[in-house]
Amino acid sequence: MAYTWDLTRRDGSVVTGMDFNVLLQGKVVDNWTFAGPWRDARADGPGAGSLTAESLSGFVRKVADRRSLRLHRQPAVDPVRQTAAFLWMTADDEPGGIDVLVVRDGTVTDSWSLPAYRPFS
């Protein structure tokens, strides 16, 4: 599963971040947390359409291929909300990042992207 969140720092500034979690038998077994440098005030509402989980996963792979990115783990997809998230990298020893996509009728209508600060292990 993946989601965006906002955090209010002690100085009152707000930043937006994202988490990507891998669940096994209802428990988090892997977690990646990304904090952005500023607040992204866009609503993270649902998309629209009828892509299945398999179709959304394939859609993510096409998006990554177009950007010459490799996926790290399987994408997190939500066919009910028509959203998808994926961890990406450009090379094994370089930091990658995370993208969260909102899909409407097979087209990305909104996206969030944050870089990682160290390579995935």
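Visitor: Leaving aside neighbours within four places in sequence, what is Thr 16 in contact with?

Guide: Thr 16 is in contact with Trp 5, Asp 6, Ala 35, Gly 36, Trp 38, Arg 39, Asp 40 and Leu 114. Contact means heavy atoms within 4.5 Å.

Visitor: What sort of model is this, and what are the ground rules?

Guide: This is a predicted model, in which local features need pLDDT of at least 70 and side-chain atom pairs count only at pLDDT 80 or more, while totals for chains, interfaces and linings use all residues. Residues are numbered from 1 along each chain as its sequence is written, and side-chain values use heavy atoms, with hydrogens and water left out.

Visitor: Back to Thr 16. Buried or exposed?

Guide: Thr 16 has a relative accessible area of 8%, so it counts as buried. The cut-offs are under 20% relative accessible area for buried, over 50% for exposed and partly exposed in between, with a 1.4 Å probe and protein chains only. Thr 16 sits in strand 2. Strands (E, at least two residues) and helices (H or I, at least four) are DSSP runs, numbered from the N terminus.

Visitor: Which strand does strand 2 pair with over eight bridges?

Guide: Strand 2 (residues 14-24) pairs with strand 3 in the antiparallel sense over those eight bridges; two strands pair if DSSP finds at least two bridges between them. One of the bridges joins Gly 17 to Ala 35 in strand 3.

Visitor: And what order do the strands of that open sheet take?

Guide: The order is 1-2-3, with antiparallel pairing.

Visitor: Changing topic: what does the span of helix 1 look like?

Guide: Helix 1 (residues 53-66) has 14 residues and at 1.5 Å a residue should span 20 Å; its end C-alpha atoms are 20 Å apart, which agrees. The expected span is 1.5 Å times one less than the number of residues.

Visitor: Which of its residues are buried?

Guide: In helix 1 they are Leu 56, Ser 57, Phe 59, Val 60, Val 63 and Ala 64. They cover an arc of only 155° around the axis, which puts them on the same side of helix 1; the arc is that of the directions from the helix axis to the C-beta atoms.

Visitor: What covers them, and which exposed residues are on the face turned away?

Guide: The cover includes strand 4 (70-78), strand 5 (83-89), strand 6 (97-104) and strand 7 (107-115). The face turned away from the buried side carries the exposed residues Glu 54, Lys 62, Asp 65 and Arg 66.

Visitor: Last one. Which residues touch the most other members of the largest nonpolar core?

Guide: Of its 15 residues, those are Met 18, Phe 20, Trp 32, Phe 34, Leu 87, Ile 98 and Phe 120. A nonpolar core is a set of buried Ala, Val, Leu, Ile, Met, Phe, Trp, Tyr and Cys residues joined through side-chain atoms within 4.5 Å. A second, separate core of eleven residues includes Phe 59, Val 63, Leu 69 and Ala 84.
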